[in-house]
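Welcome to this short briefing on one protein model. Take a look at the sequence and the 3D view, then follow the topics below.

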Amino acid sequence: MTAPRSFLFLLGSARTGGNTEALARAAAEQLPPGTEQRWLHLASLDLPEFVDARHAPGGPESVPTTGDEALLLEATLGASDLVIASPLYWYSLSSATKRYLDHWSKWLRTPDPEFRAKMAGRTLWGVTAMAHAEQEVARPLELTLQHTAAYMGMRFGGVLLGSASRPGQVRDDERAAARAKTFFARRPGLARFPYEQ
């Protein structure tokens, strides 16, 4: 029997209720009834800047995991599927999203050195809205997520792309709306670095 899926949606926009969030919610509406969903808006959390303490006296243990960082770690480990919903900011992830992923570097060592092993086999997805109609401009964002998944031994479900600039405009993107209906329906394979393919 397959274990029930649990989705963690990490909203990386600098505002709430934006186009990326709307697209993520449209895709989430297609999940089977009863699928566990947790939504966290990264900009509203008090996540400190990442401090690389690998070579500092005391090592990473000298920077405790508390508050909203501990909440994010617990939520991350509690999900079978992690959805990075970040608008395309300067052709990559938002700063709030990047800060969250930077903390994975700490979590690899402390408080749980088994973080990488525990993340292996889970699925990483991306959702983004961007002002461009040309989807190839989002390739840096997509590669960041794909390579992250590959490094962690995770599956990568790809990125659901929408074209929008003004609030609510993503609802006019028929191609994105159609893809949202089936985005989470498949079981993607393990991510690979380009040199492994």
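Is Trp90 buried or exposed? Trp90 is exposed, with a relative accessible area of 80% (buried means under 20% relative accessible area, exposed over 50%, and partly exposed in between, with a 1.4 Å probe and protein chains only). Before going on, note that this is a predicted model, in which local features need pLDDT of at least 70, side-chain atom pairs count only at pLDDT 80 or more, and totals for chains, interfaces and linings use all residues. Residues are numbered from 1 along each chain as its sequence is written, and side-chain values use heavy atoms, with hydrogens and water left out.

- Most residues other than glycine have a negative phi.
- Trp90 is not a glycine, yet its phi is positive, about 50°.
- Trp90 sits in the loop between β3 (81-85) and α3 (helices are DSSP runs of H or I with at least four residues, strands are runs of E with at least two, and both are numbered from the N terminus).
- Tyr91 is also not a glycine and has a positive phi of about 70°.
- The loop between β3 and α3 holds Tyr91, which counts as partly exposed at 38% relative accessibility.

- Leu124 belongs to strand β4 and counts as buried, at 0% relative accessibility.
- Leaving aside neighbours within four places in sequence, Leu124 is in contact (heavy atoms within 4.5 Å) with residues including Leu82, Ile84, Leu145 and Phe156.

**How α2 meets α3**

- Two packed helices are described by the angle between their axes and the distance between the axes.
- Helix α2 (residues 67-77) packs with α3 at an angle of about 85°, and their axes are 11 Å apart (axes are lines fitted to C-alpha atoms, for helices over the stretch in contact, and angles run from 0 to 180 degrees between N-to-C directions).
- That makes α2 roughly perpendicular to α3 (65 to 115 degrees counts as roughly perpendicular).
- On the α2 side the meeting residues are Glu69, Leu72, Leu73 and Thr76, and on the α3 side they are Tyr100, His103, Trp104, Lys106 and Trp107.

- The largest pocket holds about 290 Å³ of space (a pocket is an open set of points on a 1 Å grid over the protein atoms alone, where a 1.4 Å probe fits, with protein on both sides within 12 Å along at least five of seven lines; lining residues have an atom within 4 Å of a point).
- Of its 18 lining residues, Pro87, Leu88, Tyr89, Ala129 and Ala164 are the closest to its centre.
- Helix α1 gives the largest share of this lining, three residues.
- The second largest pocket has about 250 Å³ of space, and its lining includes Lys98, Trp104, His147 and Met152.
- Two elements, α3 (95-107) and α5 (139-152), each give two or more residues to the lining of the second largest pocket.

Notes. Grid points are joined across faces, edges and corners, and a volume is the space filled by probe spheres set on the points. Angles under 35 degrees count as roughly parallel, over 145 as roughly antiparallel, 65 to 115 as roughly perpendicular and the rest as oblique.
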